[in-house]
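Hi everyone, thanks for coming. Let's look together at the aromatic rings in this one, and at the charges around them.

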Amino acid sequence: MTDDTLHRRSLISAVGVAAAAIALRSGTAEARARPGGGFTPARHAQDAWFDSLPGKHRTIIDSFSVHGGGEALLFANNLHVANRAGYGLSDADVAVVVTLRHKSTQFAFNNAMWAKYGKGLGEGLGLVDPKTQQAPTVNLFNTPGYGQELPNFGLMIDSVAKIGVHFAICQMATRRLAGQIAKAVGSTPDAIYDELVANTVPNGHMVAAGVIATTRAQEYGYTVLVAG
């Protein structure tokens, strides 16, 4: 092989390495500019409310059990308290959403629904009113007077809603609850579902599924906390 051939091959190789380096730098810059390493998620009108909440920091707290629903209220409150005390931020600077899905969905409905359908809402949860030892006739997480004996640690849904916390309510679980209640009271699942939807807690948003809300929120820049 001649010296000229070797020189040409070395030159081509060097050009290739340089081109690859440029492409790598370009790709890295693009990845930094576009979250997810270049993947941009689709946007849907159903999820637009995530982007409408004010806040410099965004968190979604995923709960799917009785105990987790209560802890989610504690975590939501702590996020606001700690950001006020530790960072000098206002409540409006913190966007917090609590997902009420699976076995925490029943706490998404007001006392009128619990007074009317408490047995059906609490079915299969082993949940009793600690004062009466009977099936609850009030939303235990939104009625003053229930303190440390419950996993909500005395925090009320209304109180955290007033400081700006929002709730993503699982539609799939709500339909399941509507079916249970309808069977018990001789109504139709659709009628009960419509009644439940009309009686949600403050700042409640019906979502197609709690698991979707938790994943969609991440696409809008929310950090996930899991409350169980």
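Let me start with a definition: a charge sits over a ring if NZ of Lys or CZ of Arg is within 6 Å of the ring centre and within 35 degrees of the ring normal. With that in hand, look at Arg43: its charged end sits over the ring of Tyr220, 3.9 Å from the centre. Lys131 does likewise with Tyr146, its charged end lying over that ring at 4.5 Å from the centre.

A word on the source: this is a predicted model, where local features need pLDDT of at least 70, side-chain atom pairs count only at pLDDT 80 or more, and totals for chains, interfaces and linings use all residues. Residues are numbered from 1 along each chain as its sequence is written, and side-chain values use heavy atoms, with hydrogens and water left out.

Now, ring against ring. How many aromatic pairs does the structure hold? There are five, where rings of Phe, Tyr and Trp (its six-membered ring) pair if their centres lie within 6.5 Å, and planes under 30 degrees apart count as stacked, over 60 as edge-to-face and the rest as tilted. Take Phe50 and Tyr222: their centres are 5.6 Å apart and their planes at 65 degrees, so this pair is edge-to-face. Phe50 is buried, at 1% relative accessible area (buried means under 20%, exposed over 50%, partly exposed in between, with a 1.4 Å probe and protein chains only). Tyr222 is buried too, at 4%. Together with Trp49 and Tyr220, these two form one aromatic cluster.

Finally, Phe107 and Trp114 make a stacked pair, 6.2 Å centre to centre with 15 degrees between the planes, and both residues are buried.
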